[in-house]
Amino acid sequence: MKNVMPVADGSPVGAVRGTPVVPGVAYGPAIRPGPRPELPAVHASIPDTARAAEAERFTAAARAVAERLRARAAHASGAAAEVLLANAGLAEDRGWIGAATGRIRSGSDAVGAAIATTEQFATMFTQLGGLMAERVTDLRDIRDRVVAELSGHPEPGLELPDEPSVLLAEDLAPADTAGLDPTRIIGLATTLGGPTSHTAIIARQLGIPCVVAAAGLDAIPAGTAVLLDGSTGEIRTAPDPEAARAAVAADRQERARAAAWTGPGATADGHRVAILANVQDGPGARAARRTPAEGVGLFRTELCFLDRELEPSVADQADIYAEVLTAYAGRKVVVRTLDAGSDKPLRFVTHPEEHNPALGVRGIRIGSTAPGIVERQLDAVAEAAARTGQSPWVMAPMIATVAEAAAFAALVRARDLVPGVMVEVPAAALLADRLLEHVDFLSIGTNDLGQYTMAADRMSPQLATLTDPWQPAVLALVARTAEAGQAAGKPVGVCGEAAADPLLACVLAGLGVTSLSCAAAAVAAVGARLATVTLDLCREAAGAAVAAADPAAARAAVTRALG
Ligand code: PEP
Ligand code: MG
């Protein structure tokens with residue numbers, strides 16, 4: 001266990017709080033990842049005659065790192081495999097390798113070139129913001145692996161502890177998170193990261209209780225006994241061992257109840273709330289099918305095409321969409337049109353230079369820079385629908401005006417599909433009743449609704465409290481949207497991360513939403529929790545949450561109300 005520092009004398013007793021992202025309770029000794037490799041400050045200058053060989057040495061090291069990541073991806077699945085493959089792609093990125101070998105041809109050694117080029121790209125990614133800024137951690141991880149390869153050192157990373165432990169880190173390299181063994185790493189907390197960071201997504205897939213954006217974590221030494229609660233976000237140090245074990249036992253019972261839950265989604269008194277899965281491709285849909293999810297509430301189509309240089313043809317798109325429709329034959333599937341831009345830029349969509357891409361040309365707005373792209377995608381969905389005999393619902397992201405909703409609905413209806421729009425912009429929540437004059441359903445994206453309501457970047461760890469979906473202002477907008485749905489007699493679902501939180505799911509049901517769509521790994525816990533409470537209790541909890549002063553007070557009030 002060479003990663004673990006010695007146990008501190010007199011472990012501090014206290015608590016650190018972060019943003020809870022994967023529910024569950026873990027109790028065990030804290031461990032920390034081993035140090036990253038030392039990056040030399042002084043670099044050798046390479047003589048003219050040796051530069052070609054040095055450039056080749058760099059390229060070979062990057063290739064070796066990519067191959068190892070790909071080999072690990074072959075043994076992983078779902079989000080973990082995707083992250084490893086994406087990182088292998090980063091190690092072989094032509095721009096990165098080209099810039100580094102360019103430096104070598106100007107005399108830099110390979111290690112110096114790896115370091116300088118990474119910083120150059122990190123600055124660029126940070127300026128782009130959103131998902132690109134998140135890739136800085138990936139890039140630095142690749143740099144460390146390439147530097148280790150060039151220096152003949154073992155590949156950096158996390159060593160597994162012998163005893164089940166709670167991993168505390170500033171941030172985790174995605175390649176490390178993807179390789180976590182949930183029997184040995186029973187809890188996870190990071191100082192950085194947000195609710196939608198790679199760490200959170202993979203922890204959710206692996207079912208490891210997880211807290212992110214936990215300021216003050218650095219003060220907890222390795223070896224300290226910690227009790228991590230992935231529902232409240234609390235990481236308690238040196239807790240009373242008996243109370244900690246009781247909390248773990250209660251959590252285990254809760255998980256057993258979740259494992260036994262088979263659906264369909266309903267409160268204890270039989271009020272139906274469909275529990276659906278968020279998917280991003282055919283394999284994801286087939287995996288979700290193994291859970292009690294009743295259908296797909298959000299198919300994020302843009303995630304199928306992040307690596308494409310050219311817009312996929314209609315036939316090509318239809319093949320992919322048909323895979324998801326086939327996995328959920330005879331069930332509800334909600335396809336979202338491309339949400340390109342901001343944190344999810346697509347290479348085949350021209351994104352203008354923007355100072356603030358989150359407020360720029362993204363979602364439905366890409367039709368203005370890529371004429372016909374929405375229509376072609378709808379043609380593909382219609383073709384997939386015809387091929388599979390399914391009638392998918394189709395919704396547009398980032399709708400801000402009634403006119404946008406009306407225009408989109410006309411395009412969808414012209415293809416005999418069922419139109420809806422996402423409510424991610426406060427303007428859409430405020431005018432939900434008028435949107436519903438044009439579309440058949442609404443789906444609330446609480447990730448972006450939180451970002452735009454609170455004017456806080458959803459990727460920023462510093463602002464994680466503001467982007468917490470328990471923010472009463474966000475819940476008030478959910479309430480308003482759900483009321484509009486009830487008045488119009490049309491369904492209003494939630495498909496943001498809020499729906500993956502079992503406690504918050506009860507609040508959303510109480511606010512009047514008709515379906516909850518979340519990561520497949522969260523489906524059973526959400527359904528099982530909802531089945532323990534009556535609709536009246538959910539309504540009472542919802543009232544308390546909206547009336548609370550802040551997310552922590554809202555959680556506390558709802559915990560009291562629901563027991
Ligand atoms: C959301 O914003 O809540 C949502 C579901 O969309 P995405 O997370 O893909 O932006
Ligand atoms: Mg969104």
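Are E424 and D448 buried or exposed, and what do they hold?

**Exercise 1.** Work out the metal site of this predicted model.

*Solution.* Next, look at the ligand: E424 (OE) and D448 (OD) coordinate the magnesium ion (ligand 2) at 2.0 Å, where donors are N, O and S atoms within 2.8 Å of the metal and water is not among the atoms, so the site may look incomplete.

**Exercise 2.** Describe the largest cavity.

*Solution.* A cavity is a set of points on a 1 Å grid over the protein atoms alone where a 1.4 Å probe fits but cannot get out. The largest cavity has a volume of about 100 Å³. Its lining takes in 16 residues (an atom within 4 Å of a point), and K332, L442, S443, G493 and S515 are the closest to its centre. By class, that lining is nine nonpolar, six polar and one charged.

**Exercise 3.** See how domain 1 and domain 3 meet.

*Solution.* Take the bounds, from an automatic or database assignment: domain 1 is 5-34 + 158-256 and domain 3 is 261-532. Their C-alpha centres lie 30 Å apart. Now count: 10 residues of domain 1 contact 11 of domain 3 (heavy atoms within 4.5 Å).

Residues are numbered from 1 along each chain as its sequence is written, and ligands from 1 in the order in which they are written. Local features need pLDDT of at least 70, and side-chain values use heavy atoms.

How values were computed:
This is a predicted model: local features need pLDDT of at least 70, side-chain atom pairs count only at pLDDT 80 or more; totals for chains, interfaces and linings use all residues. Donors are N, O and S atoms within 2.8 Å of the metal (3.2 Å for Na, K and Ca); water is not among the atoms, so sites may look incomplete. On a 1 Å grid over the protein atoms alone, a cavity is a set of points where a 1.4 Å probe fits but cannot get out, and a pocket is an open set with protein on both sides within 12 Å along at least five of seven lines; lining residues have an atom within 4 Å of a point. Grid points are joined across faces, edges and corners, and a volume is the space filled by probe spheres set on the points. Ala, Val, Leu, Ile, Met, Phe, Trp, Tyr, Cys and Pro count as nonpolar, Asp, Glu, Lys and Arg as charged, and the others, Gly among them, as polar.
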